[in-house]
Every structure is written in structure tokens, then in C-alpha cells.
Amino acid sequence: MTKIQTWIANQKLGSLVLLAILLIVVFPLTLDIFRLNLVGKYLTYAFVALGLVMLWGHAGILSLGQGVFFGLGGYMMAMFLKLEASTPEATKIQSTPGIPDFMDWNQLTELPTWWLPFKSLPLSILAVLIVPTLLALIISYAMFKRRVGGVYFAIITQAVALVMTVLIIGQQGYTGGVNGITDLKTLLGWDIRTDSAKYVLYYVCVGLLLASVLLCRWVQRSKLGTLLLAMRDKEDRVRFSGYDVANFKVFAFCLAAMLSAIGGAMFTLQVGFMSPSFVGIVPSIEMVIFAAVGGRMSLVGAIYGALLVNFGKTYFSESAPDMWLFLMAALFIGVTMAFPDGLAGLVENKLKPWWAKRRADRVIQKQRTLEAHAAYPEPLPPLKGKDKGDGALPDGISSQHG
């Protein structure tokens, strides 16, 4: 046990262990299935926040279009689930059985060719990982090779989010339009709407999230992570040292896109639908808020930020439906003004120094107590029994000593 504790301390994984205990033990034991499913939904946004920590916090690249990759991952998984639910037997009342209902409503008579690979779960999972990453590669390579960065890159990512939203809504016959892809029920015949399925999907989401944190920590502690930090602080110096800065930026953007897509796929599985409302500019900016509130330099802090902001959104919308947007704005403004480095900065700058000072005071007090005992030894034990009457002393003590 001591070796495990030493390894955790050396790797600085204490906060991650506490988070794992909270997600794996505390939440499932204290929350009902409805609230636990909500927490699982919040954790899908944490994948995006992790990607933003790597992209914005460590590489210095602000993206305001991460909803694009979150939505793409969600749509890839939704396409597989929709095809599984659109069997000829289940859709026999349609004009064209065997295709999704929204295609039949838009008078399509056959399944589009690019939908065919999504009849296979392995191919769908590969698409979740590859398609958003490939899109991120194309966008970032075109921008960073021309040294487009800063606020210009942020605006371009917003434009991509807007274009993607318009494209999804406009191609209603192929994407479900503004309603998205809904009525998702089974995964390989397994009903994902049952309570037991929700527990399993929650733990799968937690496992993937913790694995993603470890992957990002490995990147941060590697030479690549050091170069990302150097590029963020002194890009010209890194370039003059012989490194191609554009390639590092492309890698960071693609990593963030892949993590966002995984979160989108898990969102579809746990919530049961996907729509363009998760792709546009507004959800993309909200995802940046998750990382800002949690701390854009902290992986674990980003997860807490996603949980806090989404919990606040749910709580305020339930308790004050007319004022919840203003309350959310006040929460965000208050946290960023009071703690510019987010929740992680609060822990690092306030709580840890306070705890270290308290432990040091305890050590000093203990040392002073030991010194006092050494200077003033305790008196001899009192005489017992017959020794009290005859004046006899304990063995080993002479009368002169007594």
C-alpha cells in the first residue's frame, strides 16, 4: 500500500484518484438513476473540456468550434443506432421499409451510399475517431501552414460551426434536419433505455474519461508536451530552434477533435438522440466556459468545471426557469473574476498553501511538545498498596534517590 501511495504521489495523481472515487463510488451510491444519467451526460462534455485544456491551455490555441467535432461523433454513433432501429419489420408502415423514418418523410426511396458503412458497429466506432480527426486535420493544416492563428483562427472555427449547422439542417432528408436523429433504442439488440443499461453506459463513460486524462497527462509529461508549452509562450523561439510549429498545432487540434468526438458518441448513447443544437456556435462557446471555469491548465479541473456548469444549468433551470440564464451568466462572471485560473487555480493558490501551512504548524507544535517533555520529565509513578504505608520505595530506586 505504501508503494502505491508513493507512486501516486510521484506521478501527482492524487487529484485524479479522488475524482475516480467520486465518479465510481460516491455518485452511483448516492444518486438515483435519473440524476446519475444526468451526471453521465455532463461527463460527455468533459471530453471536450479535456481537449480544450490540451489545445487552449497547453498549446495556446483557442477554438470556438469544438461543437462541430462533438456533434460529428454523436451523429456517427446515432447513424448506426438509427439503422439498427430501422429494420424492415420495424418500418413496414413506411412507404419504403428499411430506411430511417426521416428519409421516408422526405421521399427518399433507398439508403444513401455513405450511410451503408454505419450498419457495422466497428466501422461506426472507427468513423467516430477518424472522420472528426480528419476534418480537424484539413482545417488546421490549411490554417496553421499559413500561420493563421490567434483571434483569426477562433473566428474561423466559429464559421465552421455555423456552416456545419446550416448543412445539417439543410440536408433534412439525410441528417434529420433540425430535429436531428431521434428514437434510438438498442445497441446490437441491447436496450439502452433500461436502468441497468444506463448504469453500464455511465461506467463506460467514466472509464473512457479517466483513460483520456491519463493519455493527456502522458502527452503533457513527454517532450511533445514541453514543446507545446514552449510554443504557447515563445512560438518564434521554438521555430528558430528548428521545429515546425505548424505540425505541433495540427497535432493538438486533432487530439482535441478526437476527444470531443468520443464525448459526442457517448452523449448519443446515454441521451438517445443527436441534433444540430449541439453543433453550433452557442454550444461551442459553452464548452470553452467549461474549461475556463475548471481551469484551462488542469485536466481534472476541466472535468469539475464541466460538472459544475452543467449542474448549475440544471439546478437554475429547475428552480428559477425565468432567471436561469442570468444566474448562469452571474456564475460564470463571478467565478472568472474571483478565480482567474478557475477552480484548479483556487486549489493550487489558496487551498494547498493553507493546508501546507496547517501541516507545518502541526509539526512545529509536536516538536515543541517533545522538547518540553525532554526538558521537564514526567514525575515518578505514585506508590501503590502496602508501599504507601511503610514508606518502601519501588525496586531499583535507592532511598537517597527517592
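1. A quick term first: a residue is called buried here when its relative accessible area is under 20%. Bear in mind too that this is a predicted model.

2. On that basis, helix 2 has Leu16, Leu19, Ala20, Leu23, Phe27 and Pro28 buried. As for what they sit against, the buried residues of this helix pack against helix 3 (33-58), helix 9 (195-221) and helix 14 (299-319).

3. I also looked at the geometry of helix 2, which covers residues 14-30. With 17 residues at 1.5 Å a residue, the helix should span 24 Å, and its end C-alpha atoms are 22 Å apart, so the two agree. There is a bend in helix 2 as well, of about 35°, at Leu22.

4. The largest nonpolar core counts 109 residues, and Leu43 and Ile303 are the ones with the most contacts inside it. Helix 12 (residues 245-271) is the top contributor to this core, giving 17 residues.

5. Which residues does Leu43 touch, leaving aside its neighbours within four places in sequence? The list runs Leu23, Tyr202, Cys205, Val206, Leu209, Ile303 and Leu307.

6. Last, the voids. I find 1 cavity of 30 Å³ or more, and the largest cavity has a volume of about 40 Å³. Its lining is made up of Ser63, Gly65, Val68, Phe69, Ile139, Thr157, Val160 and Phe253. Helix 4 (66-85) and helix 7 (150-170) are the elements that each supply two or more residues to that lining.

Key
Residues are numbered from 1 along each chain as its sequence is written. This is a predicted model: local features need pLDDT of at least 70, side-chain atom pairs count only at pLDDT 80 or more; totals for chains, interfaces and linings use all residues. Side-chain values use heavy atoms; hydrogens and water are left out. Helices (H or I, at least four residues) and strands (E, at least two) are DSSP runs, numbered from the N terminus. The expected span of a helix is 1.5 Å times one less than its number of residues. The bend at a residue is the angle between axes fitted to the seven residues ending there and the seven starting there. Buried means under 20% relative accessible area, exposed over 50%, partly exposed in between (1.4 Å probe, protein chains only). Contact means heavy atoms within 4.5 Å. A nonpolar core is a set of buried Ala, Val, Leu, Ile, Met, Phe, Trp, Tyr and Cys residues joined through side-chain atoms within 4.5 Å. On a 1 Å grid over the protein atoms alone, a cavity is a set of points where a 1.4 Å probe fits but cannot get out, and a pocket is an open set with protein on both sides within 12 Å along at least five of seven lines; lining residues have an atom within 4 Å of a point. Grid points are joined across faces, edges and corners, and a volume is the space filled by probe spheres set on the points.
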